[in-house]
Amino acid sequence: MLATDRHNDKLFFTRAYAYARAGEWQWAMADYSAYLKIHAAAAKLLSSLKRTTFGNPTLANAYYGRALCLAKLGFHERALHDLNQASSGQLALTVPIILT
């Protein structure tokens with residue numbers, strides 16, 4: 001499905017979550033990054049849209065998920081940066097902590 005629809009952010013997020021659940025941290029990080037890249041491109045196109053996690057729990061969850069992957073892979077400083085991004089604004093993270 002992603003081979004034909006490289007701009008479908010929901011597919012990237014869903015697959016990233018599945019990879020994370022399976023402990024495939026590098027693959028999950030790549031898909032979370034692709035999801036975030038799609039959102040960054042959309043924010044540039046829509047100048048009235050701020051690149052913030054406020055009111056967008058899926059975006060916050062993507063930052064959280066990528067932070068988890070980065071931490072599991074030993075990139076702790078980058079993980080902290082993504083956690084800060086996830087916690088910017090008022091949001092509720094809905095992705096459970098994955099400890100495997």
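This short talk walks through the helices, the salt bridges and the nonpolar core of one predicted model.

Since we are looking at a predicted model, local features need pLDDT of at least 70 and side-chain atom pairs count only at pLDDT 80 or more, while totals for chains, interfaces and linings use all residues.

Let me start with helix H4, residues 76-86; helices here are DSSP runs of H or I, at least four residues, numbered from the N terminus. Within H4, Ala79, Asp82 and Ala86 are buried, where buried means under 20% relative accessible area, exposed means over 50%, and partly exposed lies in between, with a 1.4 Å probe and protein chains only. These three cover an arc of only 65 degrees around the axis, which puts them on the same side of H4, the arc being that of the directions from the helix axis to the C-beta atoms. On the other side of H4, Glu77, Leu80 and Asn84 are exposed. And what do the buried residues of H4 pack against? They pack against helix H3, residues 57-72, with contact meaning heavy atoms within 4.5 Å.

That brings me to the salt bridges, each a side-chain nitrogen of Lys or Arg within 4 Å of a carboxyl oxygen of Asp or Glu. Searching the whole structure gives two of them. In one, the side chains of Asp82 and Arg66 meet at 2.5 Å, N to O, and this pair links distant parts of the chain, with Asp82 in helix H4 and Arg66 in helix H3, 16 residues apart. Both Asp82 and Arg66 are buried.

In the other, Asp31 pairs with Arg15, and the closest N and O atoms are 2.4 Å apart. Asp31 lies in helix H2 (residues 25-45) and Arg15 in helix H1 (residues 9-21), so this pair ties together parts that are 16 residues apart in sequence. Asp31, at 4% relative accessibility, counts as buried, whereas Arg15, at 33%, counts as partly exposed.

Finally, the core. A nonpolar core is a set of buried Ala, Val, Leu, Ile, Met, Phe, Trp, Tyr and Cys residues joined through side-chain atoms within 4.5 Å. The largest one has 21 residues, of which Tyr32, Tyr35, Leu36, Ala62 and Cys69 touch the most other members. H1, H2, H3 and H4 each supply at least two residues of this core, and H3 gives the most, with eight.

Notes. Residues are numbered from 1 along each chain as its sequence is written. Side-chain values use heavy atoms; hydrogens and water are left out.
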